[in-house]
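Thanks for coming, everyone. Let me put the model on the screen, and then we will walk through it.

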Amino acid sequence: MNQRDAAIVGIHEHQSRDVEGKVSALQIKAESAARALEDAGLSWSDVDAIYDAGDGGGMNGLTIAEYFGLKPAVIDTTNVGGSSYEFHAAHAKRDIASGKANVALLTYGSTAHSNARAIGVGGRGGGGHHPADNMDMFTGMTLVANYAMVAHRHMHEYGTTSEQLAEISIATRCHAMRNPDAVRAMEDLEFLDIRETTIDDVTNSRMIADPLHLLECCMISDGGGAVVIASPEVARNCSKSPVWILGTGEATKYPQTSADITTSAGAYSGTQAFGEAGISPAEIDIAMIYDSFSITVMVLLEDLGFCQKGEGGAWVEGGRLRFDRPGDGPALNTDGGGLSSNHPGMRGIFLLIEAARQLRGESCSQVSDAKLAVAHGNGGMLGSRHAAGTIILGRD
Amino acid sequence: MNEPTRPLPHTNEMDTREFWAATKDKELRYQQCDDCNTVVFYPRRHCMGCTSGNLTWKLSKGFGTVYTYSVVRQSYHPFFRGKVPYAVAWIELDEGPRMLSNVIEVDDPSADVQIGMKVELVWEEHEEVNIPLFRPAG
């Protein structure tokens, strides 16, 4: 039996995906934190542990504490890219279970869109002085090309098709069209055609890096959010029903001789998390899986054990991932995902937030009687070096 | 107005500077541990297989296989946006290391680059370093 020693009790997702340069990332963090604490029925003074990906500059763990006006007993600035927040949730559970903390605050804020940072379709991978970057930078590999290389190998080994990958894009768009914040995001970011999409729409969209098309790539938005995680004693007195953290897993992967690029670190973090939770993938109602690109989800559905390696293509066919097909396995990214709702660079926190909404019954694409969810973040780059964080969540 | 140029590695980066120095002599090098035979790539000062750290530089013959690739059609980089479409690929060298590079000297990278194809090293010359690229073998 899993240990119910920490629960998500407060959530908030910043609504705007385009702050037009008028709000800072720090302000998004603080506003989101305040709203998430209100959601829980808590206040700043209840917080004794903070988790932030340290993207605010040097000594971030200190400066963010002062900015919030907190004197926490635990500070964790783990940064493993977009999966940082799954790592934070895992650490918060550990820190609460050990008695070091009672109320953990996770924060994220980014103005990637306002800064015109190229994340989704044309950004450069690497750069800087790390030795790995110093070996790769001359190639002109873009972020999407890094993921596209995984897709090519997946197609080569297993016969996966672009039409099968497109299933992931159209399922998330279906969910996005039901989420007013996601629709407004697509309007603000000037998407050309804001509607439910078909497989043909995806495969006929412009090729960005073979074999990935435009509609298989995440958007580049502003945004942020916060999550409050608390001990069972605190959770019992919060405003909303607790969403228990039942299992956690963390893993990394990087290029090595003879390594299989079609298997991600998620194969290891998933096994840990499901094992700790004592449940199987077949029991999961909601799959919040980091959809930086279509291929990310395809690989992760396999790695998390929803189907066998190489069988993901056939498995997703026929709209299986939609929220209104509950008998067929989990609903995917019911907020609209990074493909169609929100991707400010590190969207791992939104995976936790939407999973919690589903288990509370608050989603725009609510799966009836959803009991168990997985939130899986992939940080870094799937086709080279990345960090995987898996969180299994369940309601009372 | 200068033409934008390919971004080049820093020749003073502490772990990779010997690798890049060797490219001046058109040598593609990798490291192997004398004690545990672990192949180390990208270059480092320490062995990841054992704690002895007696690494020896080895010379690759420059032949390999395309493990996987993509054709970049959109880039915002001032140099690469003028080069699209171009192929980036993970090249599995015959000696073991897997390195990221470009496959060049193909008419249409979408049609002419394939997973599993044999490739050979070709050097792109620059002042401070030479850049290891690959072309279809033979």
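Where does Asn333(A) lie? Asn333(A) sits in the loop between β10 (331-332) and α13 (337-340) of chain A. Helices (H or I, at least four residues) and strands (E, at least two) are DSSP runs, numbered from the N terminus. Asn333(A) is not a glycine, yet has a positive phi of about 40°.

Ground rules, quickly. This is a predicted model, where local features need pLDDT of at least 70, side-chain atom pairs count only at pLDDT 80 or more, and totals for chains, interfaces and linings use all residues. Residues are numbered from 1 along each chain as its sequence is written, chains are lettered from A and ligands numbered from 1 in the order in which they are written, and side-chain values use heavy atoms, with hydrogens and water left out.

Confidence next. pLDDT is the predictor's confidence in each residue, from 0 to 100. Chain A has a mean pLDDT of 94, with 96% of its residues at 70 or more. Watch residues 122-128 of chain A, where pLDDT stays under 50. The model has 21 contacts for that stretch beyond four places in sequence. Contact means heavy atoms within 4.5 Å.

Now chain B. It has 2 helices and 8 strands. Along the sequence, the pattern is α-β-β-β-β-β-β-α-β-β. Its C-alpha atoms fill a box of roughly 45 × 40 × 25 Å, taken along the principal axes. There are two domains here: domain 1 (12-59) and domain 2 (61-138). Those bounds come from an automatic or database domain assignment. The domain centres, taken over C-alpha atoms, are 22 Å apart. Domain 1 of chain B brings 10 residues to the contact, and domain 2 of chain B brings 15.

How much area do the two domains of chain B bury between them? About 1,100 Å², with 72% of it on carbon and sulfur atoms. Buried area is the accessible area (1.4 Å probe) that two parts lose on being put together, summed over both. In domain 1 of chain B, Lys26(B), Leu28(B) and Phe41(B) lose the most area to domain 2 of chain B, together 50% of what that side buries. Lys26(B) also forms a salt bridge with Glu125(B), the closest N and O atoms being 2.4 Å apart. A salt bridge is a side-chain nitrogen of Lys or Arg within 4 Å of a carboxyl oxygen of Asp or Glu. The count between these domains is 1 salt bridge.

On to the two chains. The area buried between the chains is about 3,400 Å², with 61% from carbon and sulfur atoms. Gln74(B), Trp90(B) and Leu100(B) supply 19% of the area chain B buries there, more than any other three residues.

The count between chain B and chain A is 1 salt bridge. Arg73(B) pairs with Asp210(A), the closest N and O atoms 2.6 Å apart.

Pro211(A) is in the loop between β5 (207-209) and β6 (212-213) of chain A. Chain B has a cis bond too, from Val84(B) to Pro85(B), with omega near -10°. Pro85(B) is in the loop between β4 and β5 of chain B.
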